[in-house]
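Dear colleague,

I am passing on the structure below, together with my notes on what was found in it. Please read them beside the model when you have a moment.

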There are 2 protein chains.
Amino acid sequence: MDPDSPQDMAALLKALGEANRMSLVYELCDANTPQNAMCLCSCCDVDASVVSRHLKVLAQEGVVTSERKGREKTYALNRQELVRSLRALADKIERTCHDEGRM
Amino acid sequence: MDPDSPQDMAALLKALGEANRMSLVYELCDANTPQNAMCLCSCCDVDASVVSRHLKVLAQEGVVTSERKGREKTYALNRQELVRSLRALADKIERTCHDEGRM
DNA sequence: GACATATTTGCACAACTATGCAAATATAAG
DNA sequence: CTTATATTTGCATAGTTGTGCAAATATGTC
């Protein structure tokens, strides 16, 4: 993920830009241990298969990581990477241009 | 925009989660003065009407502000608000839970 | 093996979205 | 008023997306 690439950044934010997916992220955010899909189901009122698909989208964009744990699969937020990307964008936006008047 | 609401946050990121719209944001990011739509057209290879619509979406989510300037309309990034929202999300995600073991 | 639980996949479908083009509108200049 | 430039809107369309349900798969338990 290159924060300087609008395409890359858009792909990441697109994954986050859906209400149920964002709810999953918030749920994982508050959890201090990896959660399985069944547990995550509680935060958004949709079928388990839908949750599975949303988690897949989040995993593909590196938002979450998953691990098989017996017959369950646990998901955890990829906090570091996510925070890094969001801050990079914020920094980019905040940086006002100081070149006015010059050349 | 309430950063604690996954719905609100998703709506904002959805607006940003499209390649051409993100390109417009990056373009405005580098600009030190408000730009009109014609000028912004150059950064994404689509019809002017499409740019107009994308800018409308961004304006509706408060990402940009616009102002009529004669027959042109100029757009500027709403840097403060945008940075505030992105940082709020990053902070929320970064905050790992320190309650493990306690209770 | 049979059964139970968790997750994924195939399928269908409705809703939404990005797009281009042409027409409409807004505003300025002549 | 006519013309030129900038932006928006109406319409059609192709593609994408979120969803539920049922079936398939994976894994653990008996």
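How many residues surround DNA strand C, and which are the closest? Please keep in mind that this is a predicted model. DNA strand C is surrounded by 21 residues, of which A:Asn36, A:Ser49, A:Ser52, B:Val46 and B:Gly70 are the closest. In chain A, helix H3 (37–41), helix H4 (48–60) and strand S3 (72–77) each supply at least two residues of the surface near this strand, as does helix H4 (48–60) of chain B; H4(A) gives the most, with 5 residues. Sorted by class, the surface near DNA strand C holds 9 charged, 6 polar and 6 nonpolar residues.

Turning to DNA strand D, 21 residues lie around it, and those that come nearest are A:Val46, A:Gly70, B:Asn36, B:Ser49 and B:Ser52. Two or more residues of the surface near DNA strand D come from each of H4 of chain A and, in chain B, helix H3 (37–41), H4 and strand S3 (72–77), with H4(B) giving the most, at 5 residues. The class division for DNA strand D is 9 charged, 6 polar and 6 nonpolar residues.

As for the contact between the protein chains, 30 residues of chain A and 30 residues of chain B take part. On the side of chain B that touches chain A, helix H1 (6–16), helix H2 (19–30) and helix H5 (79–94) of chain B give two or more residues each, and H5(B) gives the most, with 10 residues. That side of chain B has 17 nonpolar, 8 charged and 5 polar residues.

With best wishes

Key: Residues are numbered from 1 along each chain as its sequence is written. Chains are lettered from A and ligands numbered from 1 in the order in which they are written. This is a predicted model: local features need pLDDT of at least 70, side-chain atom pairs count only at pLDDT 80 or more; totals for chains, interfaces and linings use all residues. A residue is near a molecule or strand if its C-beta atom, placed from the backbone, lies within 6 Å of it. Helices (H or I, at least four residues) and strands (E, at least two) are DSSP runs, numbered from the N terminus. Ala, Val, Leu, Ile, Met, Phe, Trp, Tyr, Cys and Pro count as nonpolar, Asp, Glu, Lys and Arg as charged, and the others, Gly among them, as polar. Two residues are in contact if their C-beta atoms, placed from the backbone, lie within 7 Å.
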